[in-house]
Amino acid sequence: MSAAGGSVNMNKYWQSFGGGDDPENLQKKADEFREELPFEDVDEKVADAKAPRRDFLKYLGFSTAAAALAAGCKIPERKAIPFANKPENIIPGEAKFYATTYVQDGDVVPVLAKVRDGRPIKIEGNDLSVFTNGSTTARAQASVLDLYDMHRNRHPSEKIGGEFKESPTYESLDKKIMEALAGLGGKQIVFLSSTIVSPTTKDIIAKFANLKHVQYDAVSYSGMLQANEVSGFGRKLPSYNFEAAKFIVSLGADFLGTWLSPLENAVGYTKGRKINEKNPEMSKHYQFESHLSTTGASADERFTHRPSETGAVALALLNAIDGSVAAPQIGDAKLKAGIAKVANDLKSNNGKALVVCGSNDMNVQVIVNAINNAIGANGTTIDWSKPVNYRQGIDKDFNALVTEMDAGNVGAIFIYGANPAYDHYDGEMVNGKWVTKFSKALAKVSLSVSFSERWDETAELCNYNLPTHHYLESWGDAEPKAGITSFIQPTIYPLFKTRPYQTSLLKWAGNNTTYDEYFKNYWNTKLGSEDGFNKVLQEGILLATGEAAAGGGSFSAAGVAAAATALAAAKKVSGDEIVLYEKVSIGSGVGATNPWLQELPDAISKACWDNYAMISMSKAKELLDLDLYYNHESEVGAQARDYKYYPQKPVIKITVGNKEVVLPVLVIPGMNSNTIAVAVGYGRSDKLGKTATGVGVNVYPLASFNGTTVNYSNEVKLTDEKRKVKIAQMQIQNTYDGRVEVVRETTLATFKKNPNLIPEYRKEMDDDFAKTTGDFRREATIYPDHAQPGAKWGMTIDMNACYGCGACVVACHAENNVPVVGKGEVLRYHDMHWLRIDRYFVSDPNNVDDLKGVVFQPMLCQHCDNAPCENVCPVSATNHSTEGINQMAYNRCIGTRYCANNCPYKVRRFNWGDYTGADSFPNNQDQWIVGKLDPVVHQMNEDLTRMVLNPDVTVRSRGVMEKCTFCVQRTQAAKLKATGCRLMATQKQPASRLVQAMRSYLELCMIKPAR
């Protein structure tokens, strides 16, 4: 449901351009099971993606080659090692949950780690967390896989002769490093890190004599921090109360995807989007942006502009609200009308509105602060009494550090969590390789130590690498915002010879206490006893006593005039502009090594395993002569059809000054016509492992510096490279055979006008299909009705709350051992996600580029009561339980795919290859007849990586259908728990225990990206 006004809509809903402007040809060309045949020694036509699978026999004929390849099968050896002495706290088959905290680049998510037989296998949200409400993110869900990454740094190393050699002990390195520190002759010692949110770590840093701490964030929020300081609030970031905002305005802030604290933002935002039928109200969301973001896709009304016009939009809003600054000229009539409309809504909702901005320009943020002050946001929707600690890096501080390093004034540098050799904007191309100014300056520092878990681009350049623990192996703490502390505790013994970086800092400062001991002593003292410490460890959260009222801070308008003058004098860009953004999955680059995240389709483009240039339809026509409106049988029309239906996409060169990158193109509706959007975080070092190798291009070099802060947009020159490369996309192969009501939505205004709209529609359905009884199961089907007494399982999803973050998709991978297939298989539409989030563009029926909105629809098996898949299976592998679950018996499935053909929702996936190594045939993953699998598939089958598998769920071999089973292992656990509580209830125990048990287990079945 949308907060926008209007009546029953007549919009068009479409997934890809073929469905948007060429549905007739889409029906003709759609073939869900089209694949590129992977033969190396046959006619080129056979391997052409346009050749459907059925043409295989015409080209090669049928032979006994497949049988010959399958000959000589030998059952592989299986290793089963029982406990010689079972630990008393481990019960085989029973999971334990430990409260801990996911911390990455300053992001903080309190979680519960599910541990089976001593190994963590799944992440759940911690319901005791007041700012996340038990929600998680895609990256937090995927973090358990990082623990078992074979490409982690496994031991301390020293660079000798240009190569890293393993050091036998930490003690030997400690001695060398301390001797080097003693011989610095008074030169500066620096600790360079990403944002640190740990109170104990900050305490250790403060006690390290002569240690200068510099924080550096790959994606900077320095502009906000400095603007808040200029505006009188201090150098800090406030808490944003989206729940309290009736009107939300975003100027390019992807606050549901990646901006600042998206999980906390989403929790508040979705509360304001829930409908009370008795009093139907919901918040209204306006989005101003240059490219289509995850947040913009959820907006009620959206307006596009150039990235360089963000300041002009902010000034125009402030002028329309209080007239305190001069109004700039806005040439776009639609944008100008949008600004006037938004300003009126903000003025009429004083104290109930909120404006947020994603720009890193300090002047823009100063104007936004003035807008929020003018609309009474401070103290209501913005809380300055609970500042957040997520992003603390200051761009000027880091640039000053690089200058000092280059001048030879820094004697030693310790690096944790920061990777400026990869993601800093300042540098040059040397022999085709990006070399940052930091990398050159680092060579002038005599002692450099990395604490990186992986061989990232900065770790490769250091003298020493002392890898720190994964967070699931660690003790620690995090203070995401004032008054809230979240704790970290180990869930498994360290897998490799790693050590907490805090222990290294303590030792080099002359304190022989380990960090584990320091951490426990610190909190035992703070909490008064070991019992108090154990209690907060068990809960995972410590809250300050007393709930303080929201603080309004002390706004100063002293910097507004100077900011307005600077923005008014800014250069007007006439050409094309690039804007760099983060994907929900990869982020600033931390997710690049994780297979689950690489294979997670982007919410907007539905692409994975790459970054690409998103451009508008008009720019595609101007630059590439790609007219997606053109459907005639001509060369231009053929080019458009090729773009729509095949994975080959045009390639362009993007040039900024003397820097250039080459990227494939995806045309996205609703883009500003002169804006190109590209995701950061790709183009990583080969030393990071199979997952990151060769994936995408590093575009951080295209950022710039304005003298104060890093700017993530820039003027660019575009060139058509006259060639194509393949992009792996999902959700473009399925068809719905003429069904027009895949998505049904209405507006709040329509609902208010006719609150019985949905019941009336249901009555129409009754009249059409179940006129006599109103029972669809009995009357609206040709199948017989079977009695199904007892409990029934089901899942409901709040469509108003879903914004396509993908946390549920990754969680499903982890819970159900869903295989990763790699880019090569996704290109052949062999992706295996049991749960997908369909994205539908909403546009005018006659103009698909007139984007009115985006609908996200989570799609999983519907467990139909009269399921068409069950009637066509020749071996009854798919059947219906009395509890309402459409079951799959994998050992009975023979892979006919009749069920997939009959499924109207297209939620069944055929397991084409031996992605999990579960098949009994030797070398089955590398048979040339089924195609060579990507290296990442083999990485997922390494002994260490397989430790992440859930033992409650079977690992499927090739040749069977897979689908959602409502996590039957969890429903069974809930039944067992309920049965036990029922027995206790008969023994004079409170009857509510039964209900509580069922609820607690059912909640674990739901991944809550927001609620």
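This is a predicted model: local features need pLDDT of at least 70, side-chain atom pairs count only at pLDDT 80 or more; totals for chains, interfaces and linings use all residues.
View 1. Helix 19 spans residues 515-527 and contains both Tyr-515 and Phe-519, which are four residues apart, about one turn of the helix. An α-helix has 3.6 residues a turn, so residues three or four places apart point the same way. With ring centres 6.1 Å apart and planes at 35°, the pair formed by Tyr-515 and Phe-519 is tilted.

**View 2. The aromatic pair of Phe-414 and Trp-508, one of 27 in the structure.** The centres of the two rings are separated by 4.9 Å and their planes by 50°, a tilted arrangement. Distant parts of the chain are linked by this pair, since Phe-414 belongs to strand 15 and Trp-508 to helix 18, 94 residues apart. Phe-414 is buried, with a relative accessible area of 0%, and Trp-508 is likewise buried, with a value of 6%. Both residues are part of a cluster linked by ring pairs, which also takes in Phe-191, Phe-208, Tyr-416, Phe-451 and Tyr-501.

**View 3. The open sheet of seven strands, with mixed pairing and the order 6-5-19-18-15-7-8.** Strand 6 pairs with strand 5 (residues 157-160) in the antiparallel sense over four bridges, and among the residues involved Glu-158 has Lys-165 of strand 6 as its bridge partner. Helix 7 (residues 170-182) packs on the sheet, where it touches strand 5, strand 7 (188-193), strand 15 (410-416), strand 18 (447-450) and strand 19 (464-465), and its direction makes about 140° with that of strand 18. Helix 18 (residues 501-508) lies across strand 7, strand 15 and strand 18, and runs at about 155° to strand 15.

**View 4. The open sheet of three strands, antiparallel and in the order 2-3-4.** Strand 2 (95-104) and strand 4 (119-125) are the edge strands, each pairing on one side only, and the twist from one strand to the next averages 35°. Six bridges join strand 3 (residues 107-116) to strand 4 in the antiparallel sense, and the bridge partner of Leu-112 in strand 4 is Glu-124.

**View 5. Helix 9 (residues 222-230), largely enclosed by the rest of the structure because seven of its nine residues are buried.** The buried residues are Ser-222, Gly-223, Met-224, Leu-225, Gln-226, Ala-227 and Asn-228. Their cover includes strand 9 (237-240), strand 13 (353-357), helix 14 (362-374), strand 14 (382-388) and helix 15 (395-406). After helix 9 comes Gly-232, which has a positive phi, near 90°.

**View 6. The largest nonpolar core, of 196 residues, with Ile-654 as one of its members.** Leu-251, Ile-367, Trp-596 and Ile-654 touch the most other members of this core. When neighbours within four places in sequence are left aside, the contacts of Ile-654 include Ile-578, Ala-613, Val-661, Leu-663, Ile-676, Val-678 and Leu-702, as well as the charged residues Lys-659, Glu-660 and Lys-717. Another core, of 32 residues, lies apart from the largest one and has Ile-177, Ile-204, Tyr-522 and Trp-523 among its members.

**View 7. Charged side chains over aromatic rings, at Tyr-643 and Phe-910.** The charged end of Lys-649 sits over the ring of Tyr-643, 4.1 Å from its centre. Arg-897 lies over the face of Phe-910, at 5.3 Å from the ring centre.

Methods
Residues are numbered from 1 along each chain as its sequence is written. Side-chain values use heavy atoms; hydrogens and water are left out. Two strands pair if DSSP finds at least two bridges between them. Helices (H or I, at least four residues) and strands (E, at least two) are DSSP runs, numbered from the N terminus. Contact means heavy atoms within 4.5 Å. Axes are lines fitted to C-alpha atoms, for helices over the stretch in contact, and angles run from 0 to 180 degrees between N-to-C directions. Buried means under 20% relative accessible area, exposed over 50%, partly exposed in between (1.4 Å probe, protein chains only). A nonpolar core is a set of buried Ala, Val, Leu, Ile, Met, Phe, Trp, Tyr and Cys residues joined through side-chain atoms within 4.5 Å. Rings of Phe, Tyr and Trp (its six-membered ring) pair if their centres lie within 6.5 Å; planes under 30 degrees apart count as stacked, over 60 as edge-to-face and the rest as tilted. A charge sits over a ring if NZ of Lys or CZ of Arg is within 6 Å of the ring centre and within 35 degrees of the ring normal.
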